[in-house]
Amino acid sequence: MTEPAKPIIQIQNVSKRFGKVTAVDNVSLDINAGEFFVLLGPSGCGKTTLLRMIAGFELPTEGRILIDGQDMAGIPPNKRPVNMVFQSYAVFPHMSVADNVAYGLKIAGVKGAEIKARVAEALELVKLGGFGERMPDQMSGGQRQRVALARSLVMRPKVLLLDEPLSALDAKLRAQMQFELSELQEKVGITFVTVTHDQDEALSMACRIGVINKGEVAQLATPSDLYEYPANRFVADFVGSVNIFEGKLTLDEPDKAAVDCPGVGKIYLNHGVTGPHGADVWVALRPEKIYLHVPGEGKAVKAAAQDAPDGYNFARGKIKGMSYLGDITLFEIELDGGARIRVSRPNLSRHDQEDFTWDDRVSMHWRADSPVVLLG
Amino acid sequence: MALFARAPIAPLEYSRTLWMRLWVGAVMVFLYAPLVVLMVFSFNDSKRNVVWRGFTTKYYEKALGNDQLVEALINSLTIAALATLASLVLGTLAAVMLWRFRFPWKGAIDGTISLPIIVPEICLGVAFLMFFAAVGWPTDLVWPFNLGAITIAHITFCFPFVTMVVRSRLASFNREQEEAAKDLGASEAQVFRDVLIPHIKPALVAGALLAFTLSLDDFVITYFTSGPDTITFPVKVYSMVRFSVTPEVNAASTLLIILTVVLTFIALKAQGVKAIAETH
């Protein structure tokens, strides 16, 4: 983005309680104009409630929500400058596609000729040009979703809210729609706020992701920061797959650190942690960042690793489980220290998986900048 | 040979088994034989109408020329039309209220609304008789106001049926559609008109048909609430039968059957039979 980020939605200390249940707990976050923002979290974490509060279908118990600088308190959903694409799409079944898209404009009192032009333009935008006369029951789920998108976009909202937009589509179509949604968002330049529990969806579409856990913001970051620099165990575990080891911080200097993890041994890092010495910490290590050696290959690597002890971590263990997934193979390995570790290995050649079998003794290494030390 | 051999009957192909065909045939005879007899004997050229004495249409002329009978028919249709309209409005509002809102005594109100369906007609009839007597309901009004008492009684037992049908349809309503309409700028009234009414339309047609036919052929309650000058078609037929069963009664009944069948047909056609079947 060339222009400085300007918040279009400001959520300020918002809480929502249903009876004794706190769905959203003192959340504050800004969503910038023109960005594709994703609220990611497990089901029941409060992300949909947050979205519905922006749309006006739920009212905050505490705090306030500003859209384009205007406080939304007391403004009903039909008067807010946002539009929503619902999880069930909620396309009106008794109206043709064109009438569905025209509905909001008719309510707003737009003139007939302009309605026609804008409906055609919106349908063209979602690649449904020429489908105007169809009835919704003559369309597939994916097409109905496009109708719902066009129906919202035609209103030219300041923000488009999408509630689990891809959850009802099959895997292939979902991958295609992820791409199309990002493309559409760039084309129209409207701020998109999407709710999802699917990390792949979030990582592939978002400019920024807000991870929500138990009604609170667990981390707010770009997709790659979220994956590579998770702020806590919840985020590390929820986004992607991860090995987490508990240990004590035994060495902590500006350019190196070590965590002593029972069952694993010492895990070296090539940067400082700035945590209290001897404190309980957690080390997160992604399975794909561990390099598994083909039997026999390990010795040479170990020799190399010993020359530069700070550069590599080295470990040995026994294969306890394998699952072949085609593009990669997942290994479950019992380390000599007793801990279990998950390792993934890309199948670069057609015979790669033949090199390993159950109960093989194997060695592995990972770079000293791969582990992430988590304090919470 | 194989070309003309019948395929063996598949396990679930009941419509091709003999016992099922006999059973269906017996049901049809049981249901429709009396009606067919009634219609056939409306053309009987015999005053006592016990044995067939030849074809005639003169009893149709006689029935249509019978001023009292025609007046009774007009009364019945008027009452049925008014009761249907009022039941639709009341029944739909009650259904939406019970579906949409939470309020004190909801369970009790829910229960009592369907009471007129359960209470024996004779009890309702007596209750109405006593009620209208107690409030001193005037019996000497001009047409159509003289039908007021009967119409009110009919609305009472018709609208719970509309409520029932509309409620079952509302249960399948996706609330996100309501929110989507609001999100697009619609007010509560616009949501009701543009989204909710179209959804429950098949139930409205089915409910209207139910109410209309229930009102049209009601005898017991009408008998208790009709004044001296406000006779309805079923009551008139009953009084004619008391003297003698002439083909005139058959002719009048046949006309009524045809009228209801045609009305039902039009309603189903206008709505699409499938959509109405969906409500049940």
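Modeller: Start at A:Val14. Its bridge partner in E2(A) is A:Val27. This is a predicted model. Strand E1 of chain A covers residues 7-18, and eight bridges tie E1(A) to E2(A). The two strands run antiparallel.

Now widen the view to the sheet. Four strands of chain A make an open sheet with the order E2-E1-E4-E5, and the pairing is antiparallel. Its edges are strand E2 (21-32) and strand E5 (70-71) of chain A, each of which pairs on one side only.

E16(A) spans residues 312-324, and seven bridges join E16(A) to strand E19 of chain A, residues 361-367. That pairing is antiparallel. In E19(A), A:Arg361 is the bridge partner of A:Lys318. E16(A) also pairs with strand E17 of chain A, residues 328-335, again over seven bridges in the antiparallel sense. Here A:Tyr324 has A:Thr329 as its bridge partner in E17(A). E16(A) and E17(A) form a hairpin with three residues between them. Look at the turn: A:Gly326 has a positive phi of about 90°.

Next, the whole of chain A. Its secondary structure comes to nine helices and 20 strands. The C-alpha atoms fill a box of roughly 80 × 50 × 45 Å along the principal axes. Of the 376 residues in chain A, 40% are buried. Take the contacts in chain A between residues at least 6 apart in sequence: 63% of them join residues at least 24 apart.

Chain A is divided into domain 1 (7-236) and domain 2 (242-374). Taken over C-alpha atoms, the centres of the two domains of chain A are 40 Å apart. Their contact takes five residues from domain 1 of chain A and six residues from domain 2 of chain A. On the domain 1 side, the residues in question divide into three nonpolar, one polar and one charged.

The largest nonpolar core has 142 residues. Within this core, A:Ile54, A:Val101, A:Ala150 and A:Leu161 touch the most other members. Domain 1 (7-236) and domain 2 (242-374) of chain A both contribute residues, so this core lies between them. Zoom in on A:Leu161. Leaving aside neighbours within four places in sequence, A:Leu161 is in contact with A:Leu51, A:Ile54, A:Ala55, A:Val82, A:Met84 and A:Val193. A second, separate core of 11 residues includes B:Tyr59, B:Ala72, B:Leu73 and B:Val249.

The buried residues of H2(A) are A:Val97, A:Ala98, A:Asn100, A:Val101, A:Ala102, A:Tyr103, A:Gly104 and A:Leu105. They pack against helix H3 (112-125) and helix H4 (141-153) of chain A. After H2(A) comes A:Gly109, with a positive phi near 80°.

H2(A) also matters for the contact with chain B. There, 17 residues of chain A are in contact with 14 residues of chain B. Strand E6 (82-85) and helix H2 (97-108) of chain A are the elements that give two or more residues to the chain A side. H2(A) gives the most to that side, with four residues. By class, the chain A side has 11 nonpolar, five polar and one charged residues.

Last, the partner chain. Chain B has 13 helices and zero strands. The radius of gyration of chain B is 24 Å, well over the 19 Å that the globule rule gives for 280 residues, so chain B is more spread out than a compact globule. The C-alpha atoms of chain B fill a box of roughly 80 × 70 × 30 Å along the principal axes. Buried residues make up 30% of the 280 residues in chain B. Of the contacts in chain B with a separation of 6 or more, 78% come from residues 24 or more positions apart.

Note on methods: Residues are numbered from 1 along each chain as its sequence is written. Chains are lettered from A and ligands numbered from 1 in the order in which they are written. This is a predicted model: local features need pLDDT of at least 70, side-chain atom pairs count only at pLDDT 80 or more; totals for chains, interfaces and linings use all residues. Two strands pair if DSSP finds at least two bridges between them. The radius of gyration is taken over C-alpha atoms; the globule rule is 2.2 Å times the number of residues to the power 0.38. A residue is buried if 20 or more other C-beta atoms lie within 10 Å of its own, exposed if 12 or fewer, and partly exposed in between; C-beta atoms are placed from the backbone. Two residues are in contact if their C-beta atoms, placed from the backbone, lie within 7 Å. Domain bounds come from an automatic or database domain assignment. Ala, Val, Leu, Ile, Met, Phe, Trp, Tyr, Cys and Pro count as nonpolar, Asp, Glu, Lys and Arg as charged, and the others, Gly among them, as polar. A nonpolar core is a set of buried Ala, Val, Leu, Ile, Met, Phe, Trp, Tyr and Cys residues joined through C-beta atoms within 7 Å.
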